Amino acid sequence: MTLRTLICSSIVGLALPFTLKAQLYCPPIAGNSNGGKIDVTLGGGPTLLYGDINHTKNMGYGVFLKGDYRIYKGFYAGLEAQVGKLKAIGEKNPYSAEWDPREASNSYFAFILNATVYPYRFFVEERELERKGFFERNILNGFYVGLGVGSIFNSYQFNDQTRGQVDFYDRTDPDNPILVRQLHNGDINGPRDIRRREGETGEPEEYIAYRRTAKDVLLPILNVGLAVPLNKRTSFDGRYFSAVVQSQFNFARGENLDGYDPRLPGPTELDLGPRREGAKNDMYNFTSVGLKYTF
């Protein structure tokens with residue numbers, strides 16, 4: 001064996017273990033079977049309720065658990081569960097043009113089906129990403145948008161209170177009180193049922209029973225967020241953690257988020273009139289931070 005052959009054989013022998021290790025632990029390519037197809041995210045943050053109350057405060061809170069499955073590259077389908085509080089406190093100053101004595105503090109549970117897209121992942125492979133800079137690896141690759149639909153179930157803290165027209169009088173002059181602000185009973189309606197009972201005369205009569213619980217459809221649900229990997233570069237099996245920041249906009253198809261339905265008074269106390277002109281369906285924003293595990 002010549003000296004040249006001996007040197008070449010030695011180099012190959014020394015390099016072979018490192019080459020095999022690199023092949024075994026090379027970061028997986030998106031779409032292969034080495035893992036990284038499933039994301040599980042847990043997080044929480046504040047909710048902001050936008051309904052029919054002229055609020056001074058509208059911050060509640062929520063937590064969520066979400067699972068996503070990668071269909072192709074940057075396209076994921078998933079399920080999400082949320083629990084929390086939706087709150088709103090009306091303007092208490094009756095001399096204000098925004099006076100609103102109503103209040104909402106509703107426990108909620110939401111179940112959501114969603115589709116999530118990471119746009120940048122359609123234009124780069126995993127191995128190419130390792131050669132990119134910090135902005136491409138963490139910001140562009142982690143930015144996502146989502147679209148979803150869901151159901152929400154509310155439990156109302158204040159929906160068993162007496163409801164009816166609310167008037168505020170300036171009683172500075174006891175002999176001549178002045179009507180300052182008025183909130184019609186059509187503004188104080190919430191989820192309710194018309195029931196029958198036996199009246200004082202023994203004849204059946206109808207009455208209003210306000211619901212303590214109600215449900216609504218959320219459509220659309222819009223998400224925008226950022227998932228920044230924490231230990232991806234030190235993980236060789238497609239399992240790693242990411243920090244997630246997300247803002248979600250949930251639009252209800254009805255009026256059951258705050259428990260108030262903006263309708264004009266009907267012909268009788270039992271009847272609801274038409275919706276007030278310009279009234280919009282309720283919605284809430286949920287901004288959260290969380291931890292995502294990919295495997």
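Student: Leaving aside neighbours within four places in sequence, with which residues is Leu86 in contact?

Tutor: The model is a predicted one. Contact here requires heavy atoms within 4.5 Å. Once neighbours within four places in sequence are set aside, the partners of Leu86 are Thr47, Leu49, Ala104, Ser105, Asn106, Tyr108, Ile152, Asn154, Leu257 and Tyr284.

Student: Which residues touch the most other members of the largest nonpolar core?

Tutor: This core holds 20 residues. Those that touch the most other members are Leu49, Leu86, Ile152, Leu218, Leu257 and Tyr284.

Student: Which strand gives the most to this core?

Tutor: At least two residues of the core come from each of β4 (75-90), β5 (103-117), β11 (213-229) and β15 (283-294). The greatest contribution is four residues, and the strand that supplies them is β5.

Student: What is the bridge partner of Arg192 in β10?

Tutor: Strands β9 (residues 192-198) and β10 (residues 204-210) run antiparallel and are joined by seven bridges. They form a hairpin with five residues between them, and Gly202 in the turn has a positive phi of about 90°. Within β10, Arg192 is bridged to Tyr210.

Student: What percentage of the residues in the protein is buried?

Tutor: The protein has three helices and 15 strands. A residue is buried when its relative accessible area is under 20%. Of the 295 residues, the buried share is 37%.

How values were computed. Residues numbered from 1 in each chain as written. Predicted model: local features only at pLDDT ≥ 70, side-chain atom pairs only at ≥ 80, totals over all residues. Heavy atoms only, no water. Pairing = 2+ DSSP bridges. Buried < 20%, exposed > 50% of the residue type's maximum accessible area, 1.4 Å probe, protein only. Core = buried A, V, L, I, M, F, W, Y, C linked by side-chain atoms within 4.5 Å.
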